[in-house]
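Welcome! Please have a look at the structure below, and then let us walk through a few of its local features together.

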Amino acid sequence: MPIETVSPVLDGTPPRLRITGVECHVLLAPDYDASFTSSAQDSLVVVIHTDGGVSGIGECDANPWMAKACIEAPGTHTMGLSIRDMLIGSDPFEIGEIWRRMYLGTAMNGRRGMVIHAMSAVDMALWDLCGKAVGKPVHALLGGATRNRIVPYASLQPAGKSFEEYRDALCKSAEGALKLGFQAMKTEITMNGPYAHGGMRESYDRHTEVLAAVRQAVGDDVTLMVDVQYLWDDAETCLSVIGDWAEFNCYFLETPVWSDNERDMAKLAERAPMPIAFGEWLATRYEFESLMDIGKVQVAQPDVGRVGGLGEAKIVCDMAKARGRKIVPHCWKTGISISATAHLAFVTDHCAFIEYLPRELCHERLRRELAQEELVLASDGTIALPQKPGLGVEVDWDIVRRYTVA
């Protein structure tokens, strides 16, 4: 499998541009709450400049201080180079080759994890830049859209410290999403385990009660997904609970066991009453190959801000198609990443849904204020194909200045 990712598909010769600068902005919302399990309270925004005056914007879903260091840190040897230094002077249209150089040049710094997450922001910014330079939306450069509309799902927002407050908040959020026109939703149900909401320690039976309440709130016609955030240690414990969940008609069950526990994923994929979804934390095609071939998951969830960028996410989508698996991308950042995710989805005909939260459903300030995406939820519960050049997102640079902390 070649190391490079994909480069833009163009009708003719691209404009002659060279990268002249790379800016990294660590953003932190002033009202952030460290007790939240939400990475949307901060962000690393990367801006890549060229000698032709065209710039591109990207972000990643990782600790922004750490990701900034991965990009800006100087290098001292050939397999521990500086990402920023490797970018200067490059042709931005050679995205595949740039990715290969970054991956090889930082190999001893980390072939997975944080370095790849940081590269995701760079890659995203390059695609935005190239689209703007030729006046085309990113989906056109990724090979062309396979559809004109896509169905988004709303991630329901929990609240409270007690079982009743938690259950009622999810049901209220579901009702709000229904009023906005969503046809699909994903509910968190995490009142135990490593990411228990508010430190709760409720029984597994009560998780079933919450799922029943949410299904009743949304009705039978809404597609309902469930995210339990690594709730169980093993497949057998998981199966002892979700064996009763068939009646709720769940589209998928997300992250029921730890991401490295591929053997138990395979057991769940074989025996669970609904498809199993994973991939939000994974970096590179290589981790997804193992996820699908050993873990046997039916729904792969690449995150463009973690997997290595749009090019690497496109490769993962192609791998999933070859294996007959669905794609439902993960995205939990601002309108920058949401827009990038949409462009990926529109060129992926086996992408069933995208994660999308309009301002009306957002708790996090950065998601409400940083960027305005082109995407609009229509009355039929779909989002139309973006038309603006690049990612089609408008960043509020006053918010960038106000919330930059590093």
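Which elements are included in what covers the buried residues of α8? Keep in mind that this is a predicted model. The cover includes α7 (204–218), β8 (250–254) and α9 (262–271).

Helix α8 itself spans residues 235–242, and its buried residues are A235, C238, L239, V241 and I242. Because these residues cover an arc of only 165 degrees around the axis, they sit on the same side of α8.

Now for the cysteines. How many disulfides are there? The count comes to zero.

| Cysteine | Relative accessible area | Closest cysteine sulfur | Sulfur–sulfur distance |
|---|---|---|---|
| C238 | 0% (buried) | in C250 | 11 Å, too far for a bond |
| C351 | 2% (buried) | in C317 | 6.8 Å, too far for a bond |

Finally, a stop at a loop residue: S90 lies between α2 (83–87) and α3 (95–105). Is S90 buried or exposed? With a relative accessible area of 7%, S90 is buried. Leaving aside neighbours within four places in sequence, S90 is in contact with L17, R18, I19, I98 and R101. With R101 there is also a polar contact between the two side chains, at 2.5 Å.

Key:
Residues numbered from 1 in each chain as written. Predicted model: local features only at pLDDT ≥ 70, side-chain atom pairs only at ≥ 80, totals over all residues. Heavy atoms only, no water. Buried < 20%, exposed > 50% of the residue type's maximum accessible area, 1.4 Å probe, protein only. Helix = DSSP H or I, 4+ residues; strand = E, 2+ residues; numbered from the N terminus. Arc of directions from axis to C-beta. Contact = heavy atoms within 4.5 Å. Polar contact = N/O pair within 3.5 Å; in protein donor to acceptor, adjacent residues only side chain to side chain. Disulfide = S-S within 2.5 Å.
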